[in-house]
Amino acid sequence: MPNLIKNAAVVADDWTVLDKAEAPAEQVVPTGKVIIPLSTWLAQREQLLARAPEQTGVWLDSDEEPDTIGADLSHFSVIAVNFPKFADGRGYSIARILREQLHYAGELRAIGDVLMDQLFFMKRCGFDAFAVRADRDAEKALAGLADFSVTYQASVDQPEPLFRRRMH
Amino acid sequence: MYRYDDYDRQIIKERVKQFQGQTDRFFAGELSNEEFLPLRLQNGLYVQRLAPMLRICIPYGMLSSAQLRKLSEVTRKYDKGYAHFTTRQNLQLNWPSIEDSPKILAELAEVEMHAVQTSGNCIRNTTTDQFAGVTPEEIVDPRPYCEIIRQWSTFHPEFAFLPRKFKIAVNSCPDSDRAAIQVHDIGIQIVKDAAGEIGYKVLAGGGLGRTPMIGSVIREFLPELDLLTYLEAILRVYNRYGRRDNKYKARIKILVKAMSPEAFAEKVEAEWERIKDSPSKLTLAEIERIKSFFTEPAYLALEDQPAALTDRLAENKFFNNWHHRNVAQHKKPGYAIVTLTLKKLGVPPGNITDKQMDRLAELADQYSFGEMRITHEQNVVLADVEQGKLFELWEAIKSLGFATPNLGTLTDIICCPGGDYCSLANAKSIPVAEAIQERFDNLDYLYDLGNIDLNISGCMNACGHHHVGAIGVLGVDKKGEEWYQISLGGASGQDASLGQILGPSFAREQMADVIEKILDVYVSSRNDDELFIDTFRRVGITPFKERVYAKPN
Ligand code: HEM
Ligand code: SF4
């Protein structure tokens with residue numbers, strides 16, 4: 001059963017997420033659509049830059065720096081951010097930095113401990129794809145994207161804060 | 001007071017629905033305990049020693065009589081008829097059921113109340129001076145700024161899963177600080193620069209708990225419109241770099257200390273540079289809009305110090321005592337700020353019954369434009385009372401137990417729920433408060449002692465702020481027995497400082513005697529009108545140690 005939510009629908013996923021390697025410089029990156037760990041990308045950047053962007057993604061762990069791929073963004077069709085635990089909120093900041101400061105416009109995918117009750121916040125911070133945890137029903141989780149219809153703050157999904165939009 | 005519009009109402013309505021759904025899924029087994037935990041915490045729902053507790057948000061302590069009536073009703077209907085005002089200016093229910101809590105939230109929403117972010121690792125209720133808007137001391141009313149922060153922090157998508165809880169306090173008085181901003185994660189001091197422009201001095205990294213720390217100034221002057229972008233920069237740095245491996249080292253204070261306040265400030269500035277001109281920058285129009293909710297009530301033109309007051313003060317010593325202690329100066333002639341104390345002997349500090357709530361609501365309607373404030377000392381303030389009606393009010397509150405004229409004195413104790421209610425406790429705290437209140441019930445003696453903050457926590461989480469009590473009491477566990485450690489010299493105001501530990505701890509029965517010895521040292525060492533804290537700072541801890549631990553000969 002597919003467990004990827006993209007553009008607010010459950011879709012098939014044709015990407016493979018490569019695990020982090022002990023020795024990133026030596027990790028073999030297969031051909032085809034793979035999402036490469038940041039450490040491997042950085043260690044083998046020169047060779048990997050030659051890959052076709054349509055087949056290339058990268059993923060960041062919650063303690064990694066988005067600025068390190070600031071110059072490479074056009075080489076990726078997907079950037080994924082890992083939530084090792086759903087209560088680890090660093091990925092929200094990483095997403096906003098990628099979208100608002102580095103102006104990344106491609107697919108931004110939440111991976112790891114991704115659950116229904118966090119989807120709304122993830123969406124607000126710029127994620128547009130959600131690899132819902134394998135033991136959960138992605139169809140059910142879809143509802144989490146629409147928990148609120150009004151929000152106070154500016155964020156990626158709504159760059160103007162409510163105070164600039166309020167009608168009196 | 002701020003009033004909801006359709007947007008605010010919609011958000012709270014959707015929150016109730018969301019939480020109902022989460023609770024249903026929890027009971028249906030679709031959410032694990034571990035997954036439900038942060039969700040219910042962000043809705044103020046704890047599970048404690050005896051039952052769940054629901055912490056209801058009172059934004060910056062402001063409460064209307066209609067809201068209090070609803071709280072009274074909820075307390076009666078879903079709890080045992082009493083509740084507890086907390087040191088974060090909130091209200092806690094001690095015995096609601098988890099199943100009922102979505103219903104309680106729906107009832108609260110009717111009066112524009114909620115339990116959003118009253119717990120959990122997120123931005124909590126922003127607190128401020130309980131005399132905001134009525135004290136002659138302030139530069140400007142801090143409440144509009146608190147409301148702006150409230151809206152910004154409510155369901156902030158980026159900061160719902162911080163390393164640890166996060167508390168912001170705002171103060172606007174140059175010479176006093178009733179909001180204890182130096183012991184908050186962020187303290188905001190509203191200031192005016194040389195040109196008379198409003199701005200903020202920003203502190204970060206204060207906090208109590210296991211590792212108490214006084215906050216450091218990270219920016220001397222932040223212009224008025226930059227409040228939210230700068231807060232966002234601080235929170236982003238904390239969210240990304242605060243420790244997550246050890247919950248006892250996860251507060252921002254640990255990060256600020258580890259990086260040094262200077263390096264932390266630099267990191268914040270660098271982040272702020274990137275976002276300071278984003279749409280989150282405040283507009284004057286928004287500040288004016290929010291300010292329009294905090295306009296003055298319909299004050300009458302009154303004579304200051306009318307005979308109706310001064311005559312009574314002259315003829316009634318008890319009224320005079322109370323007036324001296326519990327009434328503060330108002331910015332308008334003929335008005336007064338009254339603090340009702342919830343510190344009656346035999347009642348746990350901060351506790352209030354449903355009947356008291358109903359009466360309090362009536363009093364607020366009758367004497368103070370239908371509004372009141374909750375203080376971090378767990379008392380209630382009626383902010384706009386006509387001086388000519390003070391005597392009448394005093395008569396009315398005496399029988400309710402709200403007129404104990406001990407404000408600021410030794411027996412106006414801040415005390416956490418402790419071992420009677422809290423599963424983290426090392427020791428009970430309420431019985432210690434009671435023993436001290438019982439021993440020192442002589443008012444003349446209390447007045448002679450002057451202002452002394454006595455704060456009690458049942459464990460090192462420090463909910464009772466013992467580190468910043470002039471006398472602090474901490475429950476400790478010694479081989480399964482309850483003992484109490486004393487610290488001296490703490491303060492939470494402008495001259496904030498952390499107490500020093502006196503020495504080995506004591507059994508509960510010894511506590512009143514030990515406090516008495518400490519007071520004896522103070523009384524015999526003080527110069528003239530010197531306060532306890534000042535005497536302590538002058539003479540140091542040694543004379544207190546010598547007296548308390550003296551071997552009987
Ligand atoms: C009975 C259940 C309670 C539990 C289990 C509890 C738990 C805790 C814990 C674990 C901390 C330490 C957090 C940290 O250091 O990061 C803490 C701090 C605190 N709690 Fe409580 N608490 C309870 C009740 C209360 C009540 C009733 C109040 C108000 C009267 C309160 C006010 C505070 C305050 C002001 C702090 C200190 C915040 C700081 O470190 O700056 N708590 N609490
Ligand atoms: S200080 Fe300790 S005992 Fe007291 S309420 Fe907090 S956690 Fe419980």
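Is B:Gly472 buried or exposed? I started there and found B:Gly472 buried, with a relative accessible area of 0%; buried means under 20% relative accessible area, exposed over 50% and partly exposed in between, with a 1.4 Å probe and protein chains only.

**Ground rules**

I am reading a predicted model, in which local features need pLDDT of at least 70 and side-chain atom pairs count only at pLDDT 80 or more, while totals for chains, interfaces and linings use all residues. Residues are numbered from 1 along each chain as its sequence is written, chains are lettered from A and ligands numbered from 1 in the order in which they are written, and side-chain values use heavy atoms, with hydrogens and water left out.

I placed B:Gly472 in strand β18 (residues 471-478) of chain B; helices (H or I, at least four residues) and strands (E, at least two) are DSSP runs, numbered from the N terminus. Leaving aside residues up to four places away in sequence, I listed B:Asn455, B:His466, B:Gln485, B:Ile486 and B:Ser487 as touching B:Gly472, where contact means heavy atoms within 4.5 Å. I also checked B:Gly499: from B:Gly472 it is 27 residues away in sequence and 7.1 Å away in space, C-alpha to C-alpha.

Next I looked up B:Gly418, which sits in the loop between β16 (414-415) and α14 (430-439) of chain B. B:Gly418 counts as buried because its relative accessibility is 2%. Its contacts, not counting residues up to four places away in sequence, are B:Ala425, B:Ala427 and B:Ser429. B:Asp129 lies 289 residues from B:Gly418 in sequence and 26 Å from it in space, C-alpha to C-alpha.

**Entry: around ligand 2**

B:Gly418 turned up again in the surroundings of ligand 2, which also include B:Cys416, B:Cys422, B:Cys459 and B:Cys463; a residue is near a molecule or strand if one of its heavy atoms lies within 4 Å of it. I sorted this shell by class and got eight nonpolar, four polar and no charged residues. For the classes, Ala, Val, Leu, Ile, Met, Phe, Trp, Tyr, Cys and Pro count as nonpolar, Asp, Glu, Lys and Arg as charged, and the others, Gly among them, as polar.

**Entry: where chain A meets chain B**

How many residues of chain A are in contact with chain B? I found 45 residues of chain A in contact with 47 residues of chain B. The two chains bury about 3,900 Å² between them, 53% of it on carbon and sulfur atoms; buried area is the accessible area (1.4 Å probe) that two parts lose on being put together, summed over both.

The rule finds 11 salt bridges across this interface, a salt bridge being a side-chain nitrogen of Lys or Arg within 4 Å of a carboxyl oxygen of Asp or Glu. On the chain A side that touches chain B, α3, α4 (116-124) and α6 (162-165) each supply at least two residues. α3(A) gives the most to that side, with eight residues. I noted that the residues of this side divide into 19 nonpolar, nine polar and 17 charged.

One cross-chain pair I looked at is A:Arg96 with B:Glu232, whose side chains meet in a salt bridge (2.9 Å, N to O).

A:Arg99 is buried, with a relative accessible area of 13%. Among its contacts, not counting residues up to four places away in sequence, are A:Tyr104, A:Glu107, A:Asp128 and A:Val156.

**Entry: salt bridges within chain B**

Over all chains the structure holds 66 salt bridges. I picked B:Asp8 and B:Arg150, whose side chains meet at 3.7 Å, N to O. That pair links distant parts of the chain, with B:Asp8 in helix α1 (residues 6-27) and B:Arg150 in helix α5, 142 residues apart. Both B:Asp8 and B:Arg150 are buried.

Helix α5 (residues 143-153) of chain B is mostly covered, with 11 of its 11 residues buried. After α5(B) comes B:Phe155, with a positive phi near 55 degrees.

My other pair was B:Glu107 and B:Lys70, with the closest N and O atoms 3.1 Å apart in a salt bridge. B:Glu107 lies in helix α4 (residues 101-110) and B:Lys70 in helix α3 (residues 65-78) of chain B, 37 residues apart. I logged B:Glu107 as buried because its relative accessibility is 9%, and B:Lys70 is buried with a relative accessible area of 7%.
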